Amino acid sequence: MRFEAVTADIERATEFVNQYLDELGCPIKTQVQIDIAIDELFGNIVHYAYPQGGGAVWVRIETENKTLILTFRDCGIPYDPLARKDPDITLSLEEREPGGLGIFMVKKSMDALSYEYKDGQNILTVKKAW
């Protein structure tokens, strides 16, 4: 499904995915983890892929043996969020470099993440089993 790369469409994308997961009987705990991932990943696309605004985000849902495969595509600025070094969460907030905590949470809560830049598109795929 195609969405506008605007903060308001994060909720629409989440509803789109949750409707699908409800039909499959996905546990609420897993849905909440997926919702957090959608919020973080879609939000990053909104804020970083299209700094001038006016872009689109495509969200694709697939399932395979009770595993959700969620793919985000955009035509924004190339950026691999997985290449960023994880924050040192042992440091205090004052000592820690800003940013990166959201994608760190996604990495910890999902089973697999992958990124590629292909044909002028950022393609980020998330997998989560239940």
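Which side chain meets R60 in a salt bridge, and how far is it from N to O?

A: This is a predicted model, so every value below is computed from predicted coordinates. The partner of R60 is E62, and their side chains meet at 3.5 Å, N to O. That distance qualifies because the cut-off for a salt bridge is 4 Å. The two ends differ in cover. R60 counts as exposed, at 52% relative accessibility. E62 is partly exposed, with a relative accessible area of 30%. R60 gets its label because exposed means over 50%.

Side chains of opposite charge can pair when their charged atoms come close. The structure holds three salt bridges in total. Take the other two in turn.

One of them joins E4 and R2. Their closest N and O atoms are 2.5 Å apart. E4 has a relative accessible area of 35%, which makes E4 partly exposed. R2 is also partly exposed, at 44%.

Another links R12 with D9, with the closest N and O atoms 3.1 Å apart. This pair sits in helix α1, residues 8-24. R12 and D9 are three residues apart there, so about one helical turn separates them. R12 is partly exposed at 37% relative accessibility. D9 is buried, at 8%. The cut-off explains that label, because buried means under 20% relative accessible area.

Strand β1 covers residues 2-4 and includes F3. The ring of F3 faces a partner from another element. F3 and F42 have their ring centres 6.1 Å apart and their planes at 75°, so the pair is edge-to-face. F42 lies in helix α2, residues 28-49, so the pair ties together parts that are 39 residues apart in sequence. The structure holds two aromatic pairs. Ring pairs link F3, F16 and F42 into a cluster.

M105 sits in helix α3, residues 101-109. M105 is partly exposed, at 45% relative accessibility.

Next, the sheet. Strands of a sheet pair through backbone hydrogen bonds, either parallel or antiparallel. Here five strands form an open sheet, and the pairing is antiparallel. The order is β1-β2-β3-β5-β4. The edge strands are β1 and β4 (residues 112-118), each pairing on one side only. Neighbouring strands are turned by 20° against each other on average, direction ignored.

Look at β5, residues 121-129. Seven of its nine residues are buried, so β5 is mostly covered. On one side, seven bridges join β5 to β4, and these strands run antiparallel. Y117 stands opposite N122. Y115 stands opposite L124. β4 and β5 form a hairpin with two residues between them. In that turn, D119 has a positive phi of about 50°.

β5 also pairs with strand β3, residues 67-74. That pairing is antiparallel too, over eight bridges. L68 has K128 of β5 as its bridge partner.

Methods:
Residues are numbered from 1 along each chain as its sequence is written. This is a predicted model: local features need pLDDT of at least 70, side-chain atom pairs count only at pLDDT 80 or more; totals for chains, interfaces and linings use all residues. Side-chain values use heavy atoms; hydrogens and water are left out. Rings of Phe, Tyr and Trp (its six-membered ring) pair if their centres lie within 6.5 Å; planes under 30 degrees apart count as stacked, over 60 as edge-to-face and the rest as tilted. Helices (H or I, at least four residues) and strands (E, at least two) are DSSP runs, numbered from the N terminus. Buried means under 20% relative accessible area, exposed over 50%, partly exposed in between (1.4 Å probe, protein chains only). Two strands pair if DSSP finds at least two bridges between them. Axes are lines fitted to C-alpha atoms, for helices over the stretch in contact, and angles run from 0 to 180 degrees between N-to-C directions.
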